[in-house]
Amino acid sequence: MNYDRILIRYGELSTKGRNRNQFINKLKKSILHLLRDYDEIKIELGRDRMFIHLNGTPFEAVKGRLGRIFGIQSFSPVVRTDQEIEEMKAAALELVKRNFSSGKTFKVSTRRSDKRFELDTNEINYAIGSHVLRNMEDLKVDVKNPDINLLVEVREKGVFLSCEKYAGAAGLPSGASGKAMLLLSGGIDSPVAGYFMMKRGVEIEAIHFHSPPYTSERAKQKVIDLAERLTEFGAEMKLHIVPFTAIQQKIQEQVPENYTMTSTRRMMLVIADRIRQKCGGLAIVTGESLGQVASQTLESMQAINDVTSTPILRPLIAADKLDIIDVAKKIGTHDISILPYEDCCTIFTPPSPKTRPKLEKVQRFESFVDFQQMIEEAVQNMETVYLPKSTTKDEFSELL
């Protein structure tokens, strides 16, 4: 008996009211995106469950991908039987035998969604459990902490059984909470910020500021690799690469050294807001953590935010650097982020940046330069990269 489908549990999606179907359809899109290499797979939608029909695809081939998709609380490979107790007993016995080794304990956990079924939950547990015990030696029951938890779901379209249950990534599916623009540097923090926003259902379009010849093509590729790694969580992504050299050079020429970082961040926000308007985004996301560097004090944030009324989302604002690093390792961006190819911010960092910049001062410094034309040119000349690139099944398995 082989698993022929996968049962998907929605978790938080189940709490949604009239908009539930929109969330479920977003989740379906994410699953189809990550399983796009398997044409034979079909998806069946339900109000509180989703089924992936494998149609010959091995469960192990897709298990790793499903565990990374936001919107899935948990999932189980299942076998289906009719609502016949003897058929259910036979399937249960075979599944337990497949997962049994000497000394293991088990229990039966039934969920009876179809209340018309002749037996109630306790009666199903007893009927199936006693049948398994009678036909297997050296097997004991442990209802609190079993080695084998036989899951039984009785539904209108049949009964689904499994001895395996895997945690999903939880959260909300991509796009369920709208679109935002992620300021993606080559560092550790911003990809983690993007990850957390994606987990809350935000569709991300990334923006990177590239300043050749001060920043190299390898630094640019590093950011592309970071963005592509984020697409492994169930979403496609656009990466907008903005030419920023002329603006940074002008800032270095016209703005006092200790205010150059503040002015640079302000110009980045102005450009990001233009791109947001062009692409239909609702907010801007940054990887800032309070007090981590000079531009991340409250005074700096106030001076920088002044250029836009668009919401600035900072999911890492209260996070410790070591905690951020742990998440970066978990999601697979850390080793890319620490590659020694610097971005435009680190290259032009002044030796003594202002940690408490005055808004009126930075506004006065910028008033001597007409930045508007350079900003328009930067937006017009940006390069957009569509991710992910074409990936084979074998290449994707290596990533996971």
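Visitor: Is Arg266 buried or exposed?
Guide: Arg266 is buried, with a relative accessible area of 4%. Keep in mind that this is a predicted model.

Visitor: Which side chain does Arg266 meet in a salt bridge?
Guide: That of Asp306, at 3.8 Å from N to O. Arg266 lies in helix α8 (residues 260-279) and Asp306 in the loop between α9 (298-305) and β14 (312-313), so the pair ties together parts that are 40 residues apart in sequence.

Visitor: And how accessible is Asp306?
Guide: Asp306 has 37% relative accessibility and counts as partly exposed.

Visitor: Why would such side chains pair?
Guide: Side chains of opposite charge can do so when their charged atoms come close.

Visitor: How many salt bridges does the structure hold?
Guide: There are 24. One of them joins the side chains of Lys179 and Glu205, at 2.9 Å from N to O. Lys179 belongs to strand β10 (residues 179-183) and Glu205 to strand β11 (residues 203-210), so this pair ties together parts that are 26 residues apart in sequence.

Visitor: Are Lys179 and Glu205 buried or exposed?
Guide: Lys179 is buried, with a relative accessible area of 17%. Glu205 also counts as buried, at 3% relative accessibility.

Visitor: Which residues are linked in a network of salt bridges?
Guide: Asp48, Arg49, Arg111, Glu153 and Arg155 are linked that way. Within this group, the side chains of Glu153 and Arg155 meet at 3.3 Å, N to O. Both Glu153 and Arg155 are buried.

Visitor: New topic. Which residues does UniProt list for "binding site"?
Guide: The unreviewed UniProt entry gives Leu183, Leu184, His208, Phe209, Arg265, Gly287 and Gln296. Of these residues, the lining of the largest pocket includes Leu183, Leu184, His208, Phe209, Arg265, Gly287 and Gln296.

Visitor: Where is Leu183?
Guide: Leu183 sits in strand β10. It is buried, with a relative accessible area of 16%.

Visitor: What does Leu183 touch?
Guide: Not counting residues up to four places away in sequence, Leu183 touches Ser190, Ile207, Phe209, Leu269, Ala272, Ile284, Val285 and Thr286. Phe209 is also on the UniProt "binding site" list from the unreviewed entry.

Visitor: And where is Gly287?
Guide: Gly287 is in the loop between β13 (283-285) and α9. Gly287 is buried, with a relative accessible area of 11%.

Visitor: What is Gly287 in contact with?
Guide: Leaving aside neighbours within four places in sequence, Gly287 is in contact with Asp189, Ser190, Ala193 and Leu316. Ser190 is also among the residues that Leu183 touches.

Terms used
Residues are numbered from 1 along each chain as its sequence is written. This is a predicted model: local features need pLDDT of at least 70, side-chain atom pairs count only at pLDDT 80 or more; totals for chains, interfaces and linings use all residues. Side-chain values use heavy atoms; hydrogens and water are left out. A salt bridge is a side-chain nitrogen of Lys or Arg within 4 Å of a carboxyl oxygen of Asp or Glu. Buried means under 20% relative accessible area, exposed over 50%, partly exposed in between (1.4 Å probe, protein chains only). Helices (H or I, at least four residues) and strands (E, at least two) are DSSP runs, numbered from the N terminus. UniProt positions are given in the numbering used here, feature names are shortened, and annotations may be inferred rather than shown by experiment. On a 1 Å grid over the protein atoms alone, a cavity is a set of points where a 1.4 Å probe fits but cannot get out, and a pocket is an open set with protein on both sides within 12 Å along at least five of seven lines; lining residues have an atom within 4 Å of a point. Contact means heavy atoms within 4.5 Å.
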